[in-house]
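Please look over the chain shown here with its charged pairs, its strands and one of its helices in mind. The briefing that follows takes these topics in turn.

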Amino acid sequence: MSELKEFLHILCGEFDNSRQVEELRARGVADFPLAEHRNTPCNHKITGLPEDFPGVFVVEESYYTQGGRTHASPHLFLFTPEDGGVKLTSYEIPQGYGKDTFTYREMGEVPYSSLAPSKKFTPALYRKKDGVWEGGSVSMFTPALKFTLFERFSPEVLEVSETMEMNGRRTFGYDQPILYRRK
């Protein structure tokens with residue numbers, strides 16, 4: 001199996017961190033989100049892909065529930081083979097969709113020519129180390145807003161650490177990674 005196929009086999013599917021939330025609540029930690037994560041390949045919904053296109057587009061749907069409110073965070077990512085690893089490039093949500101309407105299920109056909117890589121997100125590179133894929137990136141969304149991503153993927157768990165800092169002060173993120181397990 002190619003590295004990209006192996007990587008996507010681990011990454012794609014439906015996941016949540018309910019086990020982690022239960023363990024944290026048993027220890028008295030109540031301020032941690034219940035998170036659901038759905039990653040679905042979608043090349044078949046993108047028209048006009050170049051022949052022999054080397055990558056796979058994936059719709060990522062994340063839902064964070066905390067304090068009785070759920071926040072959706074959808075993304076369109078392109079995964080490509082890259083010098084002994086896999087590169088993640090973030091794309092803008094296709095025209096006609098918003099944060100509340102972009103899901104794999106609702107995604108219609110989208111012309112490849114209309115897709116645009118995110119200008120804010122620094123592509124992340126993942127490499128396999130001791131059977132676990134790990135990688136990430138640091139992006140400056142504005143001169144004062146920094147986004148840091150670090151992830152570790154194995155067949156057992158997707159470990160995701162994301163933080164946002166405004167002028168050096170964390171405005172989003174947690175002291176420990178979110179541990180997603182396959183549903």
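With which residue does Arg 152 form a salt bridge, and how far apart are the closest N and O atoms? The partner is Glu 134, and the closest N and O atoms are 2.8 Å apart, where a salt bridge is a side-chain nitrogen of Lys or Arg within 4 Å of a carboxyl oxygen of Asp or Glu.

This is a predicted model, in which local features need pLDDT of at least 70 and side-chain atom pairs count only at pLDDT 80 or more, while totals for chains, interfaces and linings use all residues. Residues are numbered from 1 along each chain as its sequence is written, and side-chain values use heavy atoms, with hydrogens and water left out.

**Salt bridges**

- A search of the whole structure finds seven salt bridges, and one of them, between Arg 38 and Glu 14, has an N to O distance of 3.8 Å.
- That pair links distant parts of the chain, with Arg 38 in strand S2 (residues 34-41) and Glu 14 in strand S1 (residues 13-16), 24 residues apart; strands (E, at least two residues) and helices (H or I, at least four) are DSSP runs, numbered from the N terminus.
- Arg 38 counts as partly exposed because its relative accessibility is 26%, and Glu 14 is partly exposed with a relative accessible area of 39%; buried means under 20% relative accessible area, exposed over 50%, and partly exposed in between, with a 1.4 Å probe and protein chains only.
- Glu 14 and Arg 38 also belong, together with Glu 61, to a network of salt bridges.
- Another salt bridge joins Lys 183 to Glu 36, with the closest N and O atoms 3.0 Å apart.
- This pair likewise links distant parts of the chain, as Lys 183 is in the segment after strand S13 (178-182) and Glu 36 is in S2, 147 residues apart.
- Lys 183, at 54% relative accessibility, counts as exposed, whereas Glu 36, at 30%, counts as partly exposed.

**Strand S10 and its partners**

- S9 and S10 pair in the antiparallel sense over eight bridges, two strands being paired if DSSP finds at least two bridges between them, and they form a hairpin with four residues between them.
- Within this pairing, Ser 139 has Phe 147 of S10 as its bridge partner.
- S10 and S11 also run antiparallel, joined by nine bridges, and a hairpin connects them through four residues.
- The loop between S10 (145-153) and S11 (158-166) holds Ser 154, which counts as buried because its relative accessibility is 10%.
- Leaving aside neighbours within four places in sequence, Ser 154 is in contact (heavy atoms within 4.5 Å) with Ile 10 and Val 132.

**Helix H2**

- In H2 (residues 18-26), the residues Gln 20, Val 21 and Leu 24 are buried.
- These three lie on the same side of H2 because they cover an arc of only 100° around the axis, the arc being that of the directions from the helix axis to the C-beta atoms.
- The face turned away from the buried side of H2 carries the exposed residues Glu 22 and Ala 26, and what covers the buried residues includes S2 and S13.
- Just after H2, Gly 28 takes a positive phi of about 90°.
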